[in-house]
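The following exercises, each with a worked solution, concern the structure shown below. Please study it before reading on.

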Amino acid sequence: MLFSLLAQLFSVKNRIKQHMAIDGSLLFGPPLIGFGMQYIITEHWPFGPAFSALGFGVIYLIITWGTLRRFPEQGRRIAIGYLALGASFVTLAIPLAMSAQWTALAWSLEGLGILWFWPAARPAAH
């Protein structure tokens, strides 16, 4: 969470043409390294890595919500990065907790949801 705060502070301090600058290594590096260490710490518990991934995902989804609430227009780009992290960690929790068949089913439903949502997410052509 500390590095997420640092990424936001960097973005706020280095605004470029009404957009917040993003340091990709500061945004994506610490969560990936942190989850790797968390995985090693929790791998001996039943479902430990799955709960860790789910926890990371929920935290980053909350950070996404907070960023969009605090910076509705300027924070959109960095919020998309946080959203990608949150969704990736939540998606990663599925194979860490379930069998291959349940993982395939869950990921198929996620893909279906993305296909259903995609036309609504695109801006209308003028």
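Contact means heavy atoms within 4.5 Å. Helices (H or I, at least four residues) are DSSP runs, numbered from the N terminus. This is a predicted model, in which local features need pLDDT of at least 70, side-chain atom pairs count only at pLDDT 80 or more, and totals for chains, interfaces and linings use all residues. Residues are numbered from 1 along each chain as its sequence is written, and side-chain values use heavy atoms, with hydrogens and water left out.

**Exercise 1.** Determine how helix α1 and helix α2 are oriented to each other.

Solution. Step one: the axes of α1 (residues 2–13) and α2 (residues 24–42), lines fitted to C-alpha atoms over the stretch in contact, come within 9 Å and cross at roughly 175°. Step two: angles between N-to-C directions run from 0 to 180 degrees, and those over 145 count as roughly antiparallel; the two helices are therefore roughly antiparallel. Step three: α1 contributes Phe 3, Leu 6, Ala 7 and Phe 10 to the contact, and α2 contributes Leu 26, Leu 27 and Pro 30.

**Exercise 2.** Identify the helices against which the buried residues of α3 pack.

Solution. Step one: the buried residues of α3 include Phe 56, Tyr 60 and Ile 63. Step two: the buried residues of α3 pack against α1, α2 and α4 (76–97).

Conventions: Parallel < 35°, antiparallel > 145°, perpendicular 65-115°, else oblique. Buried < 20%, exposed > 50% of the residue type's maximum accessible area, 1.4 Å probe, protein only.
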